[in-house]
Amino acid sequence: MRAIDVIRKWMEDAGLRTWVDHMGNLHGRADGANANAEALLIGSHMDTVVDAGIFDGSLGIVSAISALKVMFINGKLQKLRRPVEVIAFSDEEGVRFQTTFLGSGAVAGIFPATTLGVSDKRDVTVESVLKENSIEVTEESFLQLKYDPKSVWGYVEVHIEQGPVLEQVGFPLGVVKGIAGQTRLKVTVRGSQGHAGTVPMSMRQDPMVAAAELILVMESLCKNPEKYLSYDYQCSDSTLKSLSSSLVCTVGEISTWPSASNVIPGQVTYTVDIRAIDDLGREAVIYDLSKRIYQICDKRSVSCIIEHKHDAGAVICASKLSSQLKSAASSALKRMEGDIEFEVPTLMSGAGHDAMAMSHLTKVGMLFVRCRGGISHSPQEHVVDNDVWAAGLATLSFLENMQ
Ligand SMILES: NC(=O)N[C@H](N)C(=O)O
Ligand SMILES: [Mn+2]
Ligand SMILES: [Mn+2]
């Protein structure tokens with residue numbers, strides 16, 4: 001809510017009409033010369049992860065507002081060939097409720113109204129959090145957030161790369177070809193709680209050690225999918241090849257009950273985040289992993305529950321937007337450095353973005369900005385001033401020349 005107040009002021013300084021919708025997304029719109037034309041939506045997310053950096057999400061919002069402010073100052077804003085609407089999305093990371101894209105998903109209309117009843121670890125629901133912040137959302141007003149696809153020309157997002165490629169190729173900007181698909185699971189393993197000092201090792205049904213084995217097996221599967229999945233099983237050679245270069249898995253959270261050093265746990269819960277460019281391959285990995293989880297739990301006489309918390313298919317960015325972003329990036333760099341000898345690179349995104357949700361509403365394009373060491377989701381996340389500058393100039397050039 002504090003971020004909304006700060007960003008809303010920036011939007012109004014840039015001459016935008018602002019409002020906050022029932023999912024806490026902040027909108028800033030310039031109608032341009034044709035208020036009823038299909039609008040360009042541009043933006044990113046306001047939220048971030050725990051112990052994060054300051055560029056993930058926010059750079060996309062600031063680049064969009066800054067470019068529009070330049071146009072406001074030089075009188076070009078009202079000459080825009082179509083309305084431009086900046087959206088600062090409320091929840092993209094999905095860290096609190098384990099369902100990501102809550103803000104952009106509401107605008108894209110991909111979620112049912114029951115989403116309002118999703119709760120966090122303290123059983124606080126999305127609906128009550130919004131109401132606590134004086135956003136009187138109802139199921140009806142939630143469903144009304146969906147934009148009419150006919151009113152939207154496209155969605156563009158400027159975002160830090162969160163990876164090492166642009167730094168490696170020595171380029172401040174890159175155009176995103178596509179975004180990897182992702183699945184989030186919650187695995188709960190239950191055993192028999194007991195005294196750490198009295199239960200013989202041979203008689204234990206210890207969910208902590210079972211979870212440890214499950215996590216190691218998942219790591220091995222994701223490091224060597226070809227060893228676990230094969231054609232006659234459910235994966236073609238091309239899928240296996242794609243998995244070998246793009247499959248990643250992470251256990252970011254683990255908790256246990258009763259979490260006491262002299263008690264054999266009764267229950268262990270951990271999160272699984274699995275991503276791959278190939279959706280079929282990702283589904284095959286999830287299927288195979290689930291099978292192995294049940295087998296190992298059976299062998300260890302512990303029970304387990306696998307909950308699917310979130311799935312998002314891979315997204316290919318629209319070539320029309322990508323080519324306009326590419327020329328905007330090169331004109332920005334020419335403006336900064338004189339001529340550029342190389343072509344603006346194109347690359348895939350392993351990170352998820354609001355563009356994944358918005359792709360259900362309209363064509364999407366993304367521009368990546370180099371970040372130091374490719375580090376993100378960490379206080380070490382950093383973008384040098386000149387690259388922030390390049391991102392803003394590229395956004396301005398895109399808006400000035402959008403077709
Ligand atoms: N939904 C998401 O993917 N959120 C982050 N951007 C992520 O990549 O984890
Ligand atoms: Mn993030
Ligand atoms: Mn992000």
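A polar side-chain atom of E92 lies 2.8 Å from a nitrogen atom of ligand 1 in this predicted model. Such a pair is a polar contact, defined as N or O atoms within 3.5 Å; within protein, one atom must be able to donate a hydrogen and the other to accept it, and residues adjacent in sequence count only if both atoms are side-chain atoms. R275 also reaches ligand 1, with a polar side-chain atom 2.6 Å from an oxygen atom of the ligand. G352 uses its backbone instead: a polar backbone atom of this residue is 2.7 Å from a nitrogen atom of ligand 1. The protein covers 95% of the 260 Å² of accessible area that ligand 1 has on its own. Accessible areas come from the Shrake-Rupley method with a 1.4 Å probe, and for residues only the protein chains shown count as cover.

The shell around ligand 1 consists of E92, E93, T100, F101, Q182, R184, R275, A351 and G352. A residue is near a molecule if one of its heavy atoms lies within 4 Å of it. By class, the shell holds four charged, three polar and two nonpolar residues. Here Asp, Glu, Lys and Arg count as charged; Ala, Val, Leu, Ile, Met, Phe, Trp, Tyr, Cys and Pro count as nonpolar; the others, Gly among them, count as polar.

Two manganese ions, ligand 2 and ligand 3, lie 3.4 Å apart and are bridged by D56. The protein donors of ligand 2 are D56 (OD), E93 (OE) and H377 (NE2), at 2.0 to 2.1 Å. Donors are N, O and S atoms within 2.8 Å of the metal (3.2 Å for Na, K and Ca); water is not among the atoms, so sites may look incomplete. Along the chain, the donor residues of ligand 2 are spaced D-x36-E-x283-H. E93 and H377 link distant parts of the chain, 284 residues apart. E93 sits in the loop between β4 (84–89) and α3 (102–108), and H377 in the loop between β16 (364–369) and α13 (385–401). Helices (H or I, at least four residues) and strands (E, at least two) are DSSP runs, numbered from the N terminus. E93 is buried, with a relative accessible area of 7%. H377 is partly exposed, at 41%. Buried means under 20% relative accessible area, exposed over 50%, and partly exposed in between (1.4 Å probe, protein chains only).

H45 lies in strand β3 (residues 39–45) and D56 in the loop between β3 and α2 (58–73), so the pair ties together parts that are eleven residues apart in sequence. H45 is buried at 0% relative accessibility. D56 is buried too, at 4%.

Elsewhere, T269 lies in strand β12 (residues 267–276) and is buried at 12%. Its side chain makes a polar contact of 3.5 Å with that of Q267. R335, in helix α11 (residues 319–337), is exposed at 60%.

Residues are numbered from 1 along each chain as its sequence is written, and chains are lettered from A and ligands numbered from 1 in the order in which they are written. Local features need pLDDT of at least 70, side-chain atom pairs count only at pLDDT 80 or more, and totals for chains, interfaces and linings use all residues, while side-chain values use heavy atoms, with hydrogens and water left out.
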